[in-house]
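Let's work through some exercises together, one step at a time. Keep the viewer open and try each task before you read its solution.

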Amino acid sequence: GGQMHDTGKLGDAHVKKVEKFNDVILHHVDDAGKFKEGQEVKGVVNATRRKTIMRHHTATHLVLQSAYRILGPHVWQTGSNKDEDEAHIDVTHYERPSREQVHAIERMVNEKILEKIPVTPRWLDRGLAERKYGFRLYQGSGAIGKTLRVVDIRNFDVECCGGTHVHTTQDLGSFKIKAVEQVQDGVIRLRYVAGLKALEYSQKNESLVNDAASVFSVQPDEIVNVGKRFFEEWKQRGNEIERAHKQIAENLSFRLIEE
């Protein structure tokens, strides 16, 4: 469902990448020479990275349901990626959402975080799950097998999903949409962060605003007005320079005619 693999260690070797080849799980390590055939090794997962990706995966379910409720019932997931630094989801929508709509999605997700809603994965018979929840179950992927792993965010969202998730929405901590992009006609991408990554993103933006305010020697909330004033002054000077160039050209042409 777009969730990135774990990293960590196998014995003394660092695991850089994990992929599935048919029914075999392959671990790419930094030094395969440390292993001998038949050797038993202990695997240790990078827990901090996994927790961050878990937050981003649960956030993806919240984003999808929030977009569905705010943008309309035509919203359907077409792709997603859940990594450590950020996550994104691609959904069907006929235009770029307004700033107000994006803020509404962001607010709804944060409201659900504050409500501390249980996130419950369970296995259900496929037919029973489809009758109970409908085919919106398959937002992230198609049906696989007679039994489905269903992730239920109580009274808000239910999806068929094989990924890792937090125990309650409150475990996300916070959520922030970084950007909305149009990836193709009728499909938009929402990029976002949760937990400490959301805090890091907000602090980075705050530093940029404070640095800009320091350059102009104004308070952060005055930057927009100062920027507008400087732009108008720059545009006015540009017009004055253009008029001066025209005047110089006219003077030169008159002089050439007289000569």
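## Exercise 1: A histidine and its surroundings

Beyond its neighbours within four places in sequence, His93 is in contact (heavy atoms within 4.5 Å) with Leu71, His74, Gly186, Val187 and Ile188. Before going on, note that this is a predicted model, where local features need pLDDT of at least 70 and side-chain atom pairs count only at pLDDT 80 or more, while totals for chains, interfaces and linings use all residues. Residues are numbered from 1 along each chain as its sequence is written, and side-chain values use heavy atoms, with hydrogens and water left out.

Task: Find where His93 lies, and decide whether His93 is buried or exposed.

Solution.
- Step 1: Locate the loop between strand S6 (87-92) and helix H2 (99-114); His93 lies there. Helices (H or I, at least four residues) and strands (E, at least two) are DSSP runs, numbered from the N terminus.
- Step 2: Recall the cut-offs: buried is under 20% relative accessible area, exposed is over 50%, and partly exposed is in between, using a 1.4 Å probe and protein chains only.
- Step 3: His93 has 3% relative accessibility, so it counts as buried.
- Step 4: Look at the side chains of His93 and His74, which a polar contact of 2.7 Å joins. Such a contact is a pair of N or O atoms within 3.5 Å; within protein, one must be able to donate a hydrogen and the other to accept it, and residues adjacent in sequence count only if both atoms are side-chain atoms.

## Exercise 2: Aromatic pairs

Task: How many aromatic pairs are there, and how are the planes of Phe135 and Tyr138 placed?

Solution.
- Step 1: Apply the rule: rings of Phe, Tyr and Trp (its six-membered ring) pair if their centres lie within 6.5 Å; planes under 30 degrees apart count as stacked, over 60 as edge-to-face and the rest as tilted.
- Step 2: The count by this rule is two aromatic pairs.
- Step 3: Phe135 and Tyr138 have ring centres 6.1 Å apart and planes at 50°, so this pair is tilted. Phe135 is exposed at a relative accessible area of 56%, whereas Tyr138 is buried at 11%.
- Step 4: For Phe175 and Tyr192, the centres are 5.5 Å apart and the planes at 45°, so this pair is tilted.
- Step 5: Phe175 belongs to strand S10 (residues 175-184) and Tyr192 to strand S11 (residues 187-194), so the pair ties together parts that are 17 residues apart in sequence. Both Phe175 and Tyr192 are buried.

## Exercise 3: A threonine in a helix

Task: Which residues does Thr60 touch, not counting those up to four places away in sequence?

Solution.
- Step 1: Find Thr60 in helix H1 (residues 47-71).
- Step 2: Thr60 has a relative accessible area of 2%, so it is buried.
- Step 3: Thr60 touches Ser80, Lys82, Ala87, Ile89 and Tyr192.

## Exercise 4: Positive phi angles

Task: Where are Asn22 and Lys116 placed?

Solution.
- Step 1: Start with the background: most residues other than glycine have a negative phi.
- Step 2: Asn22 is not a glycine, yet its phi is positive, about 55°. Asn22 sits in the loop between S2 and strand S3 (24-29), and its 61% relative accessibility makes it exposed.
- Step 3: Lys116, also a residue other than glycine, has a positive phi near 55°. Lys116 is in the loop between H2 and strand S7 (119-125), and counts as partly exposed at 47% relative accessibility.
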